[in-house]
Amino acid sequence: MNNYKKIIPIPQGESEFYWNKTSQEQLWLRKCNRCSEAYFYPRDISPCCFSRDTEWTQSSGRGRLYAFSIIYRSPNQGFQEEAPFIVAIIELEEGPRMTSNIVGVDTPSPDKLRIGMPVTVVFDKITDELSLPKFILAKS
Amino acid sequence: MSNKIAIVGVGESDEIGKVPGKSSLQHHAEAAYNALEDSGISIDQVDGLLTAGYSSMVVAEYLGITPTYTDSTNVGGSSFIIHIAHAMAAIRAGYCKVVLVTHGQAGRSARTKAVADPAEPGAQFEAPYGIINAPAAYSMAASRYMHIYGEDRTRDAMAEIAVATRKWAQLNPKAYLRDPMTKDDYHNSRWVAWPFHLLDCCIVTDAGGAYVITSAEVAKDLKKQPIWVLGAAESHDHAIISQMPDLTSPISKNTGARAFDMAGMGHSDIDLAMIYDSFTYTVLVTLEALGFCKPGEGPEFVANQRTAPGGDFAMNTSGGGLSYTHSGMYGMFLVLEAVRQLRGETGARQLTSPKTALINGTGGYLSSAGTAILSV
């Protein structure tokens, strides 16, 4: 784990729960109780209604590919060693969009991906404490 | 006295392109010196300082000035267009009379690198996936545009923009890239972040730029023709790319409409469009957002080298961020070129008596926009 060369997120007070849950292989979102909308990224006051009446809700981990890019050149050495790799915006079933990686695609190329494809969350354990939610193409 | 506002001086740093040994701050200062010299205004008269990248404290200290109005608004590369609106408001409100706006960035040769605050949402939720630079974010937006409006026609449009912009750069002695470029060169250039080839991406240079903006009262006695600000508007609708409301509809749709409204002008009144070209895609989607064409019609709008020298839509006549210069926050250079074109100072690339120019800056990850409309 110590040789992980890519960027490691630093949880903040509002997001500790999120990162604790991803390390347990669960994806949780913050939800506004005023309008019932889930949102990303997790924060205590909702962006939809500017409401303090918010809570955590578990995501199904299912969504669709909303946009993607195949990265060939990265300024970060750790990422460059894994290029080409896929970055993506996922639209989750619950509504919010988040960025992630699509993993499990051998030799990424644009013909292997189509916007709108169903995707499912998986978890990549990058340190003893932290796992990154990533996505694989779902079998449809 | 009229409450009109004018840009009365412009300048780049002494050398731009690859300038090893000069810091970002030195580029700020040289550009400030050159812009003031261009205007004929002395540094002692400057009472407003607007800048981005560095705090205005840092720039003012270097310049040896004590401004009565300062603004370090940094919303990425559009900042220096947004500063036009801020300067206009401040001058009209009486906070200052002569505003200096500076930019400097040793994008290529800096000896140190700025580090993002790890507590920011982007550092926490996007960077760990490799979304750590503009190509990663903008290319995702382009993928969605291709999905909605068709990959082949989008690709053709991106090639048209890259090639047309290079043709302008060939007419600009200060441009960093001046070699001829064909569409084949475009298509054969290596991938950076699919759907972006290398030639979809702006260059990375060292450069500074500055302009001086003031009231009609001060402008009337200066050595250069004042270039009037008729409209200016700013906004932003997200910071990180996953939160952009619509990847194919940037907030320029809002700033453009308001700037046109303030100027009392329509699209057919514009003689020159200076559109921030961080990527070919940025231009395509911004032309649509500004209403020069409808969403999805950008590819037809730029077809057949319409934006190249001799085409009927003059755009990015400096050679743009794609070929002229792009230090990191390129927006400053849009202002410089628009002013010089309106003054008739651009040599081989000079348009025939342009009367109006629209400037549109985009900053962050298609996050912020500033639009300004200038006239002679």
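The model is predicted: local features need pLDDT of at least 70, side-chain atom pairs count only at pLDDT 80 or more, and totals for chains, interfaces and linings use all residues. Residues are numbered from 1 along each chain as its sequence is written, and chains are lettered from A and ligands numbered from 1 in the order in which they are written.

**Stop 1: the sheet of chain A**

Select residues 28-32 of chain A, which form strand 1. Helices (H or I, at least four residues) and strands (E, at least two) are DSSP runs, numbered from the N terminus. The three strands make an open, antiparallel sheet in the order 2-1-3; two strands pair if DSSP finds at least two bridges between them.

Strand 1 and strand 3 of chain A are joined by five bridges. Display Arg30(A), which lies opposite Trp56(A), and then Cys32(A), which lies opposite Thr54(A). Towards strand 2 of chain A, strand 1 of chain A has two bridges, and here Arg30(A) stands opposite Tyr39(A). In the hairpin of these two strands, five residues lie between the strands, and Ser36(A) has a positive phi near 65 degrees.

Four of the five residues of strand 1 of chain A are buried, so this strand is largely enclosed by the rest of the structure. A residue is buried if 20 or more other C-beta atoms, placed from the backbone, lie within 10 Å of its own.

**Stop 2: where the chains touch**

Next, select the contact, to which chain A gives 32 residues and chain B 27 residues; two residues are in contact if their C-beta atoms, placed from the backbone, lie within 7 Å. On the side of chain A, the largest share, six residues, comes from strand 4, which spans 62-71. Two bridges connect strand 4 of chain A with strand 5 (residues 191-194) of chain B, in the antiparallel sense. Centre the view on Ile71(A), opposite Ala193(B).

**Stop 3: helix 10 of chain B**

Finally, select residues 280-289 of chain B. Ten of the ten residues of helix 10 are buried, so the helix is largely enclosed by the rest of the structure. Its buried residues pack against several elements of chain B, including helix 5 (134-149), helix 6 (151-169) and strand 10 (356-363). Gly291(B), with a positive phi near 90 degrees, follows helix 10 of chain B.

How values were computed
A residue is buried if 20 or more other C-beta atoms lie within 10 Å of its own, exposed if 12 or fewer, and partly exposed in between; C-beta atoms are placed from the backbone.
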